[in-house]
Every structure is written in structure tokens, then in C-alpha cells.
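Visitor: Hi, could you walk me through this structure? I'd like to start with contacts.

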Amino acid sequence: MDELLSEFLSETADRLARLDLDLIRLEHAPEDPALLARIFRVLHTLKGTCGFVGLTRLERIAHAAEERLSRVRNGTEAPTPATVSLILQSLDRIRWILGALETAGVEPPGADDELVAELNEIPDEMPAMPAPEAGAGNPGIAVERSIRVDLDRLDRLMTLAGELILARNQALDLLKSDEDNPFAGQVKRLSQVASDLQDAVMKTRMQPIGQGWARFPRLVRDLARQLGKPIALDLRGGDTELDRELLELIKDPLAHMIRNAADHGLEPAEERRRAGKPETGTIRLEARHEGGMVVIEVADDGRGLPLAKIKARILEQGSATPAQIAAMSAPQLQRYILEPGFSTAATITRLSGRGVGLDVVRANIEMLGGTLRFESEEGQGTRFKLRVPLTLTILQTLVVASAGERFAVPQAATRELLQLQPGTAELVMREGRFTLACRGEMLPAVSLRRLLHLAGPAGPTAAEGHCAVLEVGALRFALLIDRALEISELLVKPVAPILRGIPIFSGATILGDGAVAMLLDPKGIAEMAGLSGASLAMVDPGPLRMRGVA
């Protein structure tokens, strides 16, 4: 593929994303001349560019869409939902052709006669729309201060910045043992510059999360038409920045959750009226920075999770006994929707089912070093909360020690640190295994020494006087450690091939003193320890807390 065609494909993808949003806005603001002029201008540019690079099939579709829109622009046709849907359909066809063009380097064969005929068709009745004001849609020329940079180059810069952070950590570690070092001032200055450089390089990979949400208004519009439900999408925090790679990886999980909310979360208009709600259901998508992470919420004001159906499904699957179900709280019961294959839907639709596939969503988020939690109230709605790191290369970790070895644990999965002491946080035997009793809650306890065969005793040792409470999806458990050392920002490296078959390790890092430490995977720890979390409640204790840690 030549450079001109590659540049055309990249620019056209951006234009089409903006067109989708503007066309949906046009439905709600049909008399906005500036908006109409902007849409027309983009279509006109697309048509001209297609002709310039010799893409005749694309040019024909773009020309027909432009002609249909010109009738709206000159006031002879209204931007009805049917007209907007037809233009959106033409954009979908253009996307499909672009995909084939990117793969094969040439346009796929086809004439698109039926679509072009629909675009050229003149409606039987057309109202005397007001013509746009003179000069509207010509806001002037803005100079774009940006260039396109190959992602591989940015990845290389990110790797080098990570190596610099590693060298900085080593230098700072040396100062800890020699506070009177004559180079202390220079090292601290180097540390500050390295941090600033890391931030600057990270920002080159950052994009407003709203760019990844560009397709969601169109998705919700199509869902509303297919389901026959009036649905509004409320987008907030679109300027929150996230690493481009992560942004791409979370698009599909978010789309899945939006489909679930529209299909099974929101009630039909008549049911909402009977419940005293507005006929239009709302799906809210919100992003914000919180504690060095990006928090994304997907919420709806629908019917919430039906506890009666969840209980019936649990019994049907044999996942718990009636007595166990009776002892569970609402959050404990609701957590079952994150189990593989669990669904309360009476029939499987082609769109979604509340709970179907949410285990995959959770697994994908956890693979990124994030977490997925939710809360739901019957009749009021459901709110999912995703926490993902800003980047996949440099990770906030908790460094812990066990049997003389040091390990790193993702801070995102660490809920709190506790010092074991009678009456406050203590280990007890329950059903043949050690359990942490803390504030009226019983959590399974896993000894890191025993799990990795770092020591021989059958039970916890006297040295294991601390524990880190970890959360993995539906499961919360206590990891017994000798002590917690520090919270540190570390460069993550892939696991060596010889260790990739061990699920407890998800990466490796180099500490400030040059020693290698393995990055622990909380999910792998739970699997190796044989833990199951379906019956445990989701409790959000807030930010990481240090309790009695020496």
C-alpha cells in the first residue's frame, strides 16, 4: 500500500467518526446551519479526495450522499430520521469498502446501485424548510498544530523513558544509604527531569477518551430503533485522557455493556410510565481520573438486576443450596452475573443478555490490570465501575516481602493492608482452611510462602504478620506476607518464556537496587489456591489504606 493511500485511509476514518456524531446531532438540531454546513463540507471533501486517488466506487457513494444532503441544506428536504439513517447507511458502506481496500489495496468489486438509487430518490412530500443564513458554516480557517507520528516510534520513546525511570530508581536507592552523598542534589534534579520526561512521553500517547466514544451515540441510536425504546446517551468526561492502546482495548467491553443496558436494563416506555419514570431511558457513560487510574462508569436508570430471577437461576445451575442463598446479601447474589454463562434472560436475543458475556468483559479488564465492580437496585438501575491504569508499560505497584524475597502486586487490585493482631485482624480455621476474620467479614487467606514453596511449615509462619487484601472480580481474599515495603512506580517487562506457564506471574520488574522482582497476578494466585468468589460480596472500601504496617 502506497503512502498516499495509507494517509487517505487514516484521515477518512477520522472524518467518518466525526460525521456519525454530527448526523445524530442534526436529528436533534435540524435548524443549525453551521452544523449542516460542516457535515456537507466533510462529505464534499471526502468525495473530492476519493476522485483524486482514483477510488470510483467510493466517490459514487459519497457523491450521492452529498447530493441528498444538499437538498436538506438548500431547504427542499427535512433532515428526518429516515434521511439521516440513509446517509448513515451510506457511511457504513464506505467503511466496509475502506476495510476491504486496506486489506487488498484495491476497491472490492460492486456497483452499489440500490443504495445510490435510495440516496437519489426524492420523497413524495417535502416541507418549505428555511434556507440557511448567508455566510453560515464558514467560521474561518483554523491552523492545526499537530503531526502524525508512527506508533512504533512512540512505543520506542516510551520504552526508553521506562528505562530512564529504572535508572532513576536505582540512583535514588543509593541515596537512601548515603544521605551525605555530594551528588545528592544532582540525583534529585535528575529524578525530577526523568519524571517530567516520562509524563511528557506518556502524554504523546494519550488521547481524550471521548475519541474512543465516537461510535457510541450511533450505537445507542441504532439500538433504540431496533428495540423500539426511546433511549438517551449521557456522555461525561470525554476530555479525560487515556493511553491510546488502552483506549482501543476497552472499546469493545464498553460497547457490550451499553448493549446490555439498552436491551435488558432499560424498560419499554409503557413499563417506565407505570413505574413513574420518564419514558426515555438514560444510559450514562462517564470517565474521570482518580488516584492515578482512569475510572469509567456505565450506568442506566432501568429496572436493575432481578434478585428473584437470580436466585432461581442459581438453584437451577446448582451453584448454591437454598440455605446458602437465603444467607446471602443482595450484592452477593448479584455478583453471580459475573460467572461464566450465567444469565437471567428468558430468551437469548441477538443483541445481548444482562450477564451473558460479562465474565469475558471482567476478564478483559483484569488482563489490563484493571478491576470491574458494580451495584444495582431493583427498579432504579445498575451502575458498573471500571478502573484501568493510564498505561500498560509503567505500573503503580505495592512491593511486598516474603521469605526474604520481594514481589510486586498491582496497586489497582490491592484494597487495603492489614497487620495481623488478635481481635482486629486475625487468622482462624474455617472448614479446614485459614481464614482472615476482620471487622465481621471472613476472607479466605493464602500464604505466599506456601503457595510458592518458599518455606516448609504447614501453616502461616510467625514472620507472616501482615496481609494484603486483594480483589479479583467477584473474589476478595487475604494474601499473607511478611511485610509491605513501599508503593512504587515500576517498569513492567514480559515474563521470561520459561515462566509463562505459571499463572501466578504476569510480568517482571527491576527494583531500585537492581534486583529483579516478579509481578504477581492476583487472579493467578486465586486459581493456584483453588479459590472461588461467586458467593463473596463486592465491597468498595475506597482508596488504598495502610493499617498498622510497620
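Guide: Happy to. Contact here means heavy atoms within 4.5 Å. This is a predicted model, where local features need pLDDT of at least 70, side-chain atom pairs count only at pLDDT 80 or more, and totals for chains, interfaces and linings use all residues. Residues are numbered from 1 along each chain as its sequence is written, and side-chain values use heavy atoms, with hydrogens and water left out.

Visitor: Thanks. What is Arg57 in contact with, leaving aside its neighbours within four places in sequence?

Guide: Arg57 is in contact with Arg93, Trp96, Ile97, Glu107, Pro108, Pro109, Gly110 and Asp112. Arg57 itself sits in helix α3, residues 56-73. Helices (H or I, at least four residues) and strands (E, at least two) are DSSP runs, numbered from the N terminus.

Visitor: And is Arg57 buried or exposed?

Guide: Buried, with a relative accessible area of 10%. The cut-offs are under 20% for buried, over 50% for exposed and partly exposed in between, using a 1.4 Å probe and protein chains only.

Visitor: Switching topic: which residues have the most contacts inside the largest nonpolar core?

Guide: Ile250, Leu254, Ile258, Ile296 and Ile337, in a core of 46 residues. Helix α10 (244-265) is among the elements that each supply at least two residues, and its nine residues are the largest share. A nonpolar core is a set of buried Ala, Val, Leu, Ile, Met, Phe, Trp, Tyr and Cys residues joined through side-chain atoms within 4.5 Å.

Visitor: What does Ile258 touch, not counting residues up to four places away in sequence?

Guide: Phe216, Leu219, Val220, Leu223, Ile283, Leu285 and Val298. There is also a second, separate core of 35 residues, which includes Leu5, Phe8, Leu43 and Ile61.

Visitor: Now the sheet. In what order do the five strands come?

Guide: The order is β2-β4-β5-β7-β6, in an open sheet with mixed pairing. Two strands pair if DSSP finds at least two bridges between them. The edge strands, β2 (231-236) and β6, each pair on one side only.

Visitor: How many bridges join β5 to β7?

Guide: Eight, and the two strands run antiparallel. Glu297 stands opposite Lys385 in β7.

Visitor: Last one: how far apart are the end C-alpha atoms of helix α6?

Guide: They are 38 Å apart, which agrees with the 38 Å that its 26 residues (151-176) should span at 1.5 Å a residue. That expected span is 1.5 Å times one less than the number of residues. The buried residues of α6 pack against α7 (184-205), β8 (394-402), β16 (483-491) and β17 (505-510).
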